[in-house]
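Here is a short note for a colleague who has not seen this model before. The points can be read in order with the structure open.

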Amino acid sequence: MPRVAPIVRSTRYEHAINTLVAKRSEISGAIRFKGADLADQLQHIDAVLLILGYKGDPSLIVPLRRTPSRFRKGELYGLILKHEAAGSASNRETATRIVQAKGWDTAFVKPIMNNIKTAKGWRRRKAKAAGHDSRPQE
């Protein structure tokens, strides 16, 4: 009968600690920003972190704050191209047209304008990294 190698268990728990830190951040963000009733779960996560040898105070882990996305992946840039092709000259005008097309309140124009700036910047950096500049040459 062949011998089986013994199971080697790692004495380091970095992967588990990193996962628990991320989970604690997510749960504490849900408690702080959404009013969730999950305080007992934080106590359990803190206890496991200390058992696994986490260096530091678990209560100092920064809560995660997620902002919900208003657009699907790639949708915003498609809308930008569509409205700019239709004659939209500025980011404000493009944002106004997008807000009107979606049927949203006009209070969303400013945040959408910021999203447009970010999307164009990402697209520009991505094109530059690929080796060609997306802006027309003068």
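1. His-83. Leaving aside neighbours within four places in sequence, His-83 is in contact with Ser-88, Thr-94, Arg-97, Ile-98 and Ala-101, where contact means heavy atoms within 4.5 Å. The residue sits in helix 3. His-83 has a relative accessible area of 9% and so counts as buried; buried means under 20% relative accessible area, exposed over 50%, and partly exposed in between, with a 1.4 Å probe and protein chains only.

2. Basis of the model. The model is predicted: local features need pLDDT of at least 70, side-chain atom pairs count only at pLDDT 80 or more, and totals for chains, interfaces and linings use all residues. Residues are numbered from 1 along each chain as its sequence is written, and side-chain values use heavy atoms, with hydrogens and water left out.

3. Overall layout. The protein has five helices and zero strands, giving the pattern α-α-α-α-α along the sequence. Helices (H or I, at least four residues) and strands (E, at least two) are DSSP runs, numbered from the N terminus. Of the 138 residues in the protein, 25% are buried. Among contacts between residues at least 6 apart in sequence, 49% join residues at least 24 apart.

4. Helix 1 with helix 2. Helix 1 (residues 14–34) and helix 2 (residues 39–51) pack at an angle of about 160°, with their axes 10 Å apart. Axes are lines fitted to C-alpha atoms, for helices over the stretch in contact, and angles run from 0 to 180 degrees between N-to-C directions. The pair is therefore roughly antiparallel; angles under 35 degrees count as roughly parallel, over 145 as roughly antiparallel, 65 to 115 as roughly perpendicular and the rest as oblique. The crossing of helix 1 and helix 2 is left-handed, a term used if the near helix is turned anticlockwise from the far one by less than a right angle, with right-handed used if clockwise.

5. Residues of that contact. On the helix 1 side are Ile-17, Leu-20, Val-21, Lys-23, Arg-24, Ile-27, Ser-28 and Ile-31, which meet Ala-39, Gln-41, Leu-42, Ile-45, Asp-46, Val-48 and Leu-49 in helix 2. The residues of this contact divide into ten nonpolar, two polar and three charged. Here Ala, Val, Leu, Ile, Met, Phe, Trp, Tyr, Cys and Pro count as nonpolar, Asp, Glu, Lys and Arg as charged, and the others, Gly among them, as polar.

6. Arg-24. Beyond its neighbours within four places in sequence, Arg-24 is in contact with Leu-42, Ile-45, Asp-46, Leu-49, Pro-58, Ser-59 and Ile-61.

7. Helix 3 with helix 4. Helix 3 (residues 75–85) packs on helix 4 (residues 91–102) at an angle of about 110°, the axes being 10 Å apart. This makes the two roughly perpendicular. Helix 3 passes helix 4 in a right-handed crossing. The buried residues of helix 3 are Glu-75, Leu-76, Tyr-77, Leu-79, Ile-80 and His-83, and they pack against helix 4 and helix 5.

8. The loop between them. Just after helix 3, Gly-87 takes a positive phi of about 110°. Ser-90 lies in the loop between helix 3 and helix 4 and is partly exposed, at 34% relative accessibility. The C-alpha atoms of Ser-90 and Met-113 are separated by 9.5 Å, with the two residues 23 apart along the chain.

9. The cores. Which residues touch the most other members of the largest nonpolar core? Of its 13 residues, they are Phe-71, Leu-76, Ile-80, Ala-95, Ile-98, Ile-112 and Ile-116. A nonpolar core is a set of buried Ala, Val, Leu, Ile, Met, Phe, Trp, Tyr and Cys residues joined through side-chain atoms within 4.5 Å. Helix 3, helix 4 and helix 5 (109–130) each give two or more residues to this core, and helix 5 gives the largest share, five residues. Apart from this core lies another, of seven residues, among them Ile-17, Leu-20, Ile-27 and Leu-42.
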